[in-house]
Amino acid sequence: MSLVFRGLVRLGDLTIESDVSVGNEVVAITGANGIGKTSLLKLIAGLISLESGSLKMDDEVLDDPSENIFVPAHQRKLAMVSQFDDILPFLTAQDNIAFPLRAAGMDRATSRVRAIEAMEKHGIRALAQLKPTQLSGGQRQRVGLVRGLIGESKIVLLDEPFSYLDESARSEVRYWLRGRLDELPGPKFIVTHDRQDVEQLCDREIALEQRPNQHSGLRSVATIVR
Amino acid sequence: MSARERRIGAETPRFVWVGALLALLFLMLPLVGLLKRVAWSGVLGSVTSGPASEALRLSLVTSIFATVIALVFGLPLAWVLARVEFVGRSILRALVMLPMVLPPVVGGVALLSAYGRSNGLVGGLLYDMFGVQLTFSPAGVVIAEAFVALPFLVMSVESGLRSIDPRFEESAATMGVGPVRRFWTVTLRLLLPSLVAGVAVAWARALGEFGATITFAGNIEGRTQTTPLAVYLLLENDPEAAYALSFVLLAVCVVVLVAMRDRWLGRRS
């Protein structure tokens with residue numbers, strides 16, 4: 001499986017350009033704050049659409065404005081974890097993790113069992129019945145990771161998945177994530193600032209860099225550095 | 001032990017205290033007067049017999065229907081106003097909110113000019129094609145109440161929709177949840193507090209409707225005479241019943257207000 005992403009989008013002052021091709025591998029996305037790493041993930045997810053160029057997964061075009069093709073996010077078979085706290089506030093941790101399984105058509109009982117199993121594997125079974133307001137930032141991030149990676153997916157998108165974890169938790173969760181990523185097919189992207197993440201989790205690295213722009217504003221270009 | 005803060009702006013001049021107390025007195029005195037005039041031993045008897053009980057029953061039924069109409073049509077309208085971008089949206093929003101500030105009797109006149117049987121815009125058509133006459137009928141009461149209540153629901157729900165952080169719906173989308181299911185399982189659930197508040201205020205407004213109702217639906221005992229109309233008429237012939245009914249309306253409003261206190265009295269966690 002491979003993802004080919006050649007395109008451009010302008011978001012306010014920021015222009016993001018990309019020319020990358022990613023296969024069955026884990027790719028780090030690095031670069032300074034505000035350079036457009038999250039936007040790059042959102043483009044792949046279908047939460048933002050391209051202005052020109054195209055995004056393809058194997059033979060399927062996901063986004064191509066010249067052809068008027070745009071596959072919405074919910075049809076892209078994603079496993080995505082946002083850098084922001086987006087655990088549904090009205091569901092317990094367990095029901096949050098079961099939520100994507102329910103959306104995929106699994107019945108309630110089975111999805112809840114699967115959610116508990118996944119929490120057990122990650123070592124957060126004790127949190128099952130707690131509501132998000134009863135969890136710490138780090139615990140919510142763990143719930144978000146387990147939820148994001150529980151289903152079947154074609155593309156994995158992780159946006160600073162360890163930002164709320166302390167150093168010891170980070171290496172533990174990194175180990176878990178390495179195992180989970182090996183089980184999933186397709187291209188996988190991780191936005192991170194942490195060199196350890198890049199070295200221990202990722203096969204390649206895409207760096208967003210600022211290039212001089214003939215117009216005003218910032219022009220960020222995504223290029224493969226290794 | 002906490003240190004006492006001395007914030008600039010927190011020192012209250014004496015004349016502010018005087019003004020605030022006078023305002024409070026102005027608001028509370030009529031309520032105290034009303035409570036004092038209620039003949040407590042006869043309240044139950046007054047509101048469960050004759051025109052008073054008829055009016056209460058009619059008010060209950062029509063205000064519930066009006067609230068359901070406001071909900072079923074107000075929710076989609078609020079959605080469009082909050083989430084669809086189009087030219088003239090702010091003008092449309094102002095038009096939708098107009099019944100909130102319009103004198104209710106003008107609203108009643110406007111309703112007559114639209115749904116009146118003899119010379120309304122569509123009233124004649126409704127009668128000729130379906131045999132439906134809204135004026136001087138309980139259905140007309142529902143229409144008048146829904147007309148004034150709907151903007152209250154739209155306002156509450158629209159601001160609720162605007163305050164929902166898009167990240168919850170975005171992450172649901174990335175989890176494979178399509179737009180319809182997303183609405184029912186995420187958006188509506190996050191919207192619930194605003195929706196409940198909107199329904200409560202719309203219902204209270206429908207229950208208290210007077211001007212539009214009497215103008216459009218008339219004042220027929222047992223048919224279009226709602227509780228506020230009955231209070232106004234009873235005040236001359238049977239003041240005891242009028243005070244008893246007023247007390248019932250007051251009590252209902254207090255209950256709604258207490259239930260909504262977290263949203264409306266600014267006590268948010």
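How many helices and how many strands does chain B have? Chain B has 13 helices and zero strands, where helices (H or I, at least four residues) and strands (E, at least two) are DSSP runs numbered from the N terminus. This is a predicted model, in which local features need pLDDT of at least 70 and side-chain atom pairs count only at pLDDT 80 or more, while totals for chains, interfaces and linings use all residues. Residues are numbered from 1 along each chain as its sequence is written, and chains are lettered from A and ligands numbered from 1 in the order in which they are written.

The C-alpha trace of chain B spans about 60 × 60 × 30 Å along its principal axes. Chain B has 269 residues, and 33% of them count as buried, meaning that 20 or more other C-beta atoms, placed from the backbone, lie within 10 Å of the residue's own; 12 or fewer is exposed, and in between is partly exposed.

Let us turn to where the chains meet. The contact takes 13 residues from chain B and 15 residues from chain A, two residues being in contact if their C-beta atoms, placed from the backbone, lie within 7 Å. On the side of chain B, helix H8 (166-174) and helix H9 (179-207) each supply at least two residues. The largest share, six residues, comes from H8(B).

Finally, Lys121(A) is found in helix H3 (residues 108-122) of chain A. Lys121(A) counts as partly exposed because it has 13 C-beta neighbours inside 10 Å.
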